[in-house]
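Thanks, everyone. Please have a look at the structure on the screen.

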Amino acid sequence: MKLVQELEQTLKSAALWQTQAIEPSLLQSTQPFCCDTLRFEQWLQFVFIPKMLELLSHHEDLPSNIALAPMADVSLHTHVHFADVKHILSRLDQSLSQGKIC
C-alpha cells in the first residue's frame, strides 16, 4: 500500500493530480489505460490507484503482469517531474511483477 500512496503523493507534488471529479462516462473506455478518454495521469488517479487500494484492502490478488513505466515514457516524457513519476511507476512495476507490494 505504501507504493500506491507514494504514487498518489508524487502525482500531487508534480501537479498531475486533478481536484475535480471526472465524468463517469470517461471510465467506460475499452482501450488500455482509457487512452481514448483520459490522460495517463487521470487513469492513474481515477482507475489504477482506487483499484489497487480496493484490492489491497480486500486482500485480493494483485496484477502481476503490468507495465506502467513504459506508458509514462510515452505520456509524460516532456513533463518537468517525469523522472519522479517514472521512478515510482518502475518501482510499482517491479514490486507487482515479484508478486508483492509494500
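Trp43 has a relative accessibility of 11%, so it counts as buried, the cut-off being under 20%. Keep in mind that this is a predicted model.

Now its partner. Phe33 has a relative accessible area of 21%, which makes it partly exposed.

Phe33 and Trp43 form one of them, and its geometry is edge-to-face, with 4.8 Å from centre to centre and 80° between the planes. This pair links distant parts of the chain: Trp43 belongs to helix 2, while Phe33 sits in the loop between helix 1 (2–13) and helix 2, and 10 residues separate them.

Which residues do the ring pairs link into a cluster? They are Phe33, Phe40, Trp43 and Phe48.

Lys12 lies over the face of Trp17, and the distance to the ring centre is 5.1 Å.

Last, helix 3, which runs over residues 68–75. Its buried residues are Leu68, Ala69, Met71 and Ala72. Why do they lie on the same side of helix 3? Because they cover an arc of only 155° around the axis. And what covers them? The cover includes helix 2, residues 40–57, and helix 4, residues 82–97. Helix 2 is also where we find Trp43, the residue I began with.

That's it from me.

Note on methods. Residues numbered from 1 in each chain as written. Predicted model: local features only at pLDDT ≥ 70, side-chain atom pairs only at ≥ 80, totals over all residues. Heavy atoms only, no water. Buried < 20%, exposed > 50% of the residue type's maximum accessible area, 1.4 Å probe, protein only. Helix = DSSP H or I, 4+ residues; strand = E, 2+ residues; numbered from the N terminus. Arc of directions from axis to C-beta. Contact = heavy atoms within 4.5 Å. Phe/Tyr/Trp six-rings, centres within 6.5 Å; stacked < 30°, edge-to-face > 60°. Lys NZ or Arg CZ within 6 Å of the ring centre and 35° of its normal.
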